[in-house]
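This briefing covers the sheet, the helices packed on it and several individual residues. Please read it alongside the sequence and the coordinates.

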Amino acid sequence: YVGQGGVGAKATVEVEAPARQHRSLHLTRTRKIGAWLVCGLVTACVSVHAALTASQSSLLAEARKSPHGILKLDERKYHELLQGPRDYGVFVQMTGLHPRFRCGACARRKDPFEQVARGWKSTKRRNDLVFATIDANDGMELFRRMGMTYVPVMNYFPPHVDLPEEYDLTLNGYGADDIAEFVSARIGVPF
């Protein structure tokens, strides 16, 4: 180092300049990679949400309009609602309420299920979960294919998952509070 403006100073500046350029280049690359990652994540999220079919969107709208917040299903609607990919969960009650079946247990489960669905309908995250019900009279072939020998059955289908988790009435309880606790534990939202 010879002093200001000397040979050593110039050499020092030349050595530091490439280091600054390297840091600048590294930051530029990092920013570009970060931007691509953010763009990719946003695109993936939009793609999943946009992947809902027109019939699924229609069913979700129908569920929101329902006075109890419960979508009444037949076999066709059941399959459409659960086809993938979907960014919402489904809690479905399979019953035998039609007079042809006279299911007393189903009649006793109807009110607690409706209470929880009504409570969920009033939450900010109501689009994250759909409450639905299908009666054996409206889905006899579906019930047969599933090998169902008793009702009521309640199943929770998490978002993006085809296989349900069965709500065990004996283990989890029969009341509205019991159902709400089960649903809250699965979706991580108290209500």
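Leaving aside its neighbours within four places in sequence, which residues is Ala 63 in contact with? They are Gly 69, Ile 70, Leu 71 and Val 130, where contact means heavy atoms within 4.5 Å. The model is a predicted one, in which local features need pLDDT of at least 70 and side-chain atom pairs count only at pLDDT 80 or more, while totals for chains, interfaces and linings use all residues. Residues are numbered from 1 along each chain as its sequence is written, and side-chain values use heavy atoms, with hydrogens and water left out.

**Ala 63**

- Ala 63 belongs to helix α2, residues 54–65; helices (H or I, at least four residues) and strands (E, at least two) are DSSP runs, numbered from the N terminus.
- Ala 63 counts as buried because its relative accessibility is 8%; buried means under 20% relative accessible area, exposed over 50%, and partly exposed in between, with a 1.4 Å probe and protein chains only.

- An open sheet is formed by five strands in the order β1-β3-β2-β4-β5, with mixed pairing; two strands pair if DSSP finds at least two bridges between them.
- The edges are held by β1 (70–73) and β5 (165–167), each of which has a single partner strand, so one side of each is left without a neighbour in the sheet.
- On average, neighbouring strands of this sheet are turned by 25 degrees against each other, direction ignored; axes are lines fitted to C-alpha atoms, for helices over the stretch in contact, and angles run from 0 to 180 degrees between N-to-C directions.
- Strands β2 (residues 89–95) and β3 (residues 129–135) run parallel and are joined by seven bridges.
- Gln 93 stands opposite Thr 133 in β3.

**Helices on the sheet**

- Helix α4 (residues 104–121) lies across β1, β2, β3 and β4 (153–157), and runs at about 160 degrees to β3.
- Helix α7 (residues 176–187) also packs on the sheet, where it touches β2, β3, β4 and β5. The direction of α7 makes about 160 degrees with that of β5.

**Asp 135**

- Asp 135 is located in strand β3.
- Asp 135 is buried and has no salt bridge, a salt bridge being a side-chain nitrogen of Lys or Arg within 4 Å of a carboxyl oxygen of Asp or Glu.
- The nearest side chain of opposite charge to Asp 135 is Lys 72, 6.5 Å away; Lys and Arg count as positive and Asp and Glu as negative, whereas His and the chain ends are not counted.
- At 3.2 Å, the side chain of Asp 135 reaches the backbone nitrogen of His 98.
- Beyond neighbours within four places in sequence, Asp 135 is in contact with Thr 95, Gly 96, Leu 97, His 98, Phe 101 and Phe 143.

**Backbone features in loops**

- Gly 84 and Pro 85 are joined by a cis peptide bond with omega of about -10 degrees, and Pro 85 lies in the loop between α3 (75–82) and β2.
- A cis peptide bond also joins Val 151 and Pro 152, with omega of about 0 degrees; Pro 152 lies in the loop between α5 (140–145) and β4.
- Arg 102, in the loop between β2 and α4, has a positive phi near 50 degrees and counts as exposed because its relative accessibility is 72%.
- His 160, in the loop between β4 and β5, has a positive phi of about 65 degrees although it is not a glycine. At 53% relative accessibility, His 160 counts as exposed.

Conventions
Polar contact = N/O pair within 3.5 Å; in protein donor to acceptor, adjacent residues only side chain to side chain.
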